[in-house]
Amino acid sequence: MLLKKVPHGMLYIYFSFCEAMASDARLVMNVVVDKCKGVFDGLESFVDIGGGTGTVAKAIADTFPDIECIVLDLPHVVAGFQGSKNLKYVGGDMFEAIPPADAVFMKV
């Protein structure tokens, strides 16, 4: 397990949680982009709130290149991630502001 030091000096288990969320998202998104393509008809923009490494947004961006996808997560989470033509990472707080988009996704 990877331990990551957070800014306030506390240590917590980081890798297991992030990998579990990404693994679940990969499984779900394989089905969604294959079986539910109509859900994305007409969308020009999509925001994944708390999207972490961008697994969901990447799947949508790759399958639907005309949709601009945004991953919104805390600044320290998205720091260092590189976007692409139709995928970008935004550091912020969902309780303060959410980028405008045609669709907003939040996994709970």
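**A walk through the fold**

Starting at the N terminus, the elements of this protein follow the order β-β-α-β-α-β-α-β-β. Counted up, that gives three helices and six strands. Keep in mind as you look around that this is a predicted model.

Let us begin with the whole chain. Of the 108 residues in the protein, 33% are buried. The protein exposes about 7000 Å², and 61% of that area is supplied by carbon and sulfur atoms.

Now step inside. The largest nonpolar core contains 19 residues, and F46, I60, I67, C69 and L87 are those with the most contacts within it. Helix α2 provides the largest share, with five residues. Leaving aside residues up to four places away in sequence, I60 touches M29, F40, F46, I67 and C69.

While you are at helix α2, look for T55, which lies in this helix. T55 counts as buried because its relative accessibility is 15%, and the cut-off for buried is under 20%. The side chain of T55 makes a polar contact with the side chain of T53, at 3.4 Å.

Another residue worth a visit is N86, in the loop between α3 (75-78) and β5. Is N86 buried or exposed? With a relative accessible area of 11%, N86 is buried. What does its side chain reach? The side chain of N86 comes to 3.1 Å from the backbone oxygen of I67. The neighbours of N86, not counting residues up to four places away in sequence, are A61, F64, P65, I67, E68 and C69. Two of these names, I67 and C69, you have already met among the core residues with the most contacts.

Next come the charged side chains, where the model has two salt bridges. One of them joins E68 and K88, whose closest N and O atoms are 3.9 Å apart. This pair links distant parts of the chain: E68 sits in strand β4 (residues 68-73) and K88 in strand β5 (residues 87-91), 20 residues apart. E68 counts as partly exposed because its relative accessibility is 38%, and K88 is also partly exposed, at 40%. The other salt bridge is between the side chains of K35 and D34, with 3.7 Å from N to O. Here K35 counts as exposed, since its relative accessibility is 66%.

Finally, let us look at the surface. Nonpolar side chains are found here too: M94, F95, I98, V104, M106 and V108 form a nonpolar patch on the surface. Together these residues have about 670 Å² of accessible area. One member, F95, is located in the loop between β5 and β6 (103-106). Why does F95 count as exposed? Its relative accessibility is 73%, and exposed means over 50%.

So the tour has taken you from a nonpolar core of 19 residues, past the buried N86 and two salt bridges, to a nonpolar patch on the surface.

Note on methods:
Residues numbered from 1 in each chain as written. Predicted model: local features only at pLDDT ≥ 70, side-chain atom pairs only at ≥ 80, totals over all residues. Heavy atoms only, no water. Salt bridge = Lys/Arg side-chain N within 4 Å of Asp/Glu carboxyl O. Buried < 20%, exposed > 50% of the residue type's maximum accessible area, 1.4 Å probe, protein only. Helix = DSSP H or I, 4+ residues; strand = E, 2+ residues; numbered from the N terminus. Core = buried A, V, L, I, M, F, W, Y, C linked by side-chain atoms within 4.5 Å. Contact = heavy atoms within 4.5 Å. Patch = residues over 30% accessible without salt bridge, like charges linked within 9 Å, V, L, I, M, F, W, Y side chains within 5 Å. Areas by Shrake-Rupley, 256 points an atom, 1.4 Å probe, with all protein chains shown as cover. Polar contact = N/O pair within 3.5 Å; in protein donor to acceptor, adjacent residues only side chain to side chain.
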